[in-house]
Amino acid sequence: MTTGDVARRLGVAPTTVRSWDHRYGLGPAAHAGGRHRRWTAEDLARLERMCALTATGLPPAEAARLALDEMAAGSSPREEGNPPVPQPVARPRSRAGTGLRLGDVRQECKGVARAALRLDATTLDALLSAAIEEHGLVAAWTEVIMPTLQAVGRKWESSGERYVEVEHFLSWHVSGALRRHAPQVPADRPGAITVLACVPAENHTLPLEVLTAALVERGLPIRMFGGSLPVESLVAAVRRTGPAVVGLWAQSRTTASRPLAQHIAAIEWGVRGARRKPVVLTLGPGWAGQTTPGLPHPPGLAEALAAVEAAVRR
């Protein structure tokens, strides 16, 4: 195989393959005549092993060293039964480069980012599931998933609309991971239902999906309506369910509507003398600067969970 063939197999640029050769000694084991280098299946397997190791969050230099050590020990990187990738006990934070400006984040962010950039569905699903299982839903979202999503968003915003496919790919797999790890939906409890919806013209549902999963995990009944719910449909849903809480997500200031939130907060139901109104939570960055008394604006997932639980206990 040529260097271009290998790069296409791995989902990276040919210059990246060449830099791995120069930096870490991962070039072809045998040299043929002529100017163009040729890679064997064994050479490709060694590079695939390095990619698998970096996908767990290991720095490229360490991943390359392990891949070379395995080959030197006579074990094929492709065969089953390879020793598991070593995982640091304390989960150190990393500043190593992936092309994304991740900053000072958990080591797992590096693996998730690399898998997303390579459009590696299998590895991405495994890493997301491992993060949720190890850290719990709230910590996995706050410390692993959200920083990576934000870094991908910054990447395409600063590169002329490139990498949009990476953001969509990562969001889709995060949504799937949330659904896989959410427990069974709890039974309804009168006066304890939470309605979650995006405001009209808003389609960023992922933050509401993680809030839904976290509330279900706590045994709270949910009605999740997803993106861009029309006003009349939102009003009908609130009247039909009589929720304790209504969470309205707005990603952008252009979609956030204070009059809409105030209108929902004024809806009443129940018998005369014992009528109730919902607590309306304004969720998402679109509500910044539009705070209104009586319309709480939790800044993050943990605060939103606490606000819902407090309203349900009233």
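The structure is a predicted model, in which local features need pLDDT of at least 70 and side-chain atom pairs count only at pLDDT 80 or more, whereas totals for chains, interfaces and linings use all residues. Residues are numbered from 1 along each chain as its sequence is written, and side-chain values use heavy atoms, with hydrogens and water left out.

The chain contains twelve helices and six strands; helices (H or I, at least four residues) and strands (E, at least two) are DSSP runs, numbered from the N terminus. Of its 314 residues, 46% are buried, where buried denotes under 20% relative accessible area, exposed over 50%, and partly exposed the range in between (1.4 Å probe, protein chains only). The chain exposes about 15700 Å², of which carbon and sulfur atoms supply 53%; accessible areas come from the Shrake-Rupley method with a 1.4 Å probe, and for residues only the protein chains shown count as cover. Among contacts (heavy atoms within 4.5 Å) between residues at least 6 apart in sequence, 65% join residues at least 24 apart.

Four strands form an open sheet in the order β4-β3-β5-β6, with parallel pairing; two strands pair if DSSP finds at least two bridges between them. The edge strands, each pairing on one side only, are β4 (222-224) and β6 (279-283). Neighbouring strands of this sheet are turned by 15° against each other on average, direction ignored. Axes are lines fitted to C-alpha atoms, for helices over the stretch in contact, and angles run from 0 to 180 degrees between N-to-C directions. Helix α9 (residues 206-217) packs on the sheet and touches β3, β4, β5 and β6, its direction making about 165° with that of β3.

Strand β3 (residues 194-198) runs parallel to β5 (residues 245-249) and is joined to it by five bridges; Val195 has Val246 as its bridge partner in β5. With β4, β3 pairs in the parallel sense over three bridges, and the partner of Thr194 in β4 is Ile222. In a regular strand, side chains alternate between the two faces of the sheet. Both faces of β3 are covered, with Thr194, Leu196 and Cys198 buried on one side and Val195 and Ala197 buried on the other. Because five of the five residues of β3 are buried, the strand is largely enclosed by the rest of the structure.

The largest pocket holds about 1100 Å³ of space. On a 1 Å grid over the protein atoms alone, a pocket is an open set of points where a 1.4 Å probe fits, with protein on both sides within 12 Å along at least five of seven lines; lining residues have an atom within 4 Å of a point. Grid points are joined across faces, edges and corners, and the volume is the space filled by probe spheres set on the points. Of the 37 lining residues, Trp141, His204, Pro207, Trp249 and Gln251 lie nearest the centre of the pocket. The elements giving two or more residues to the lining are α7 (137-157), α8 (164-181), α9 and α12 (301-313), and α7 supplies the largest share, nine residues.

Helix α5 (residues 107-117) includes Arg114. This helix is mostly covered, with ten of its eleven residues buried, among them Gln107, Glu108 and Lys110. Arg114 is likewise buried, with a relative accessible area of 8%. Arg114 and Thr148 are 34 residues apart in sequence and 10.0 Å apart in space, C-alpha to C-alpha. Just after α5, Leu119 adopts a positive phi of about 55°.
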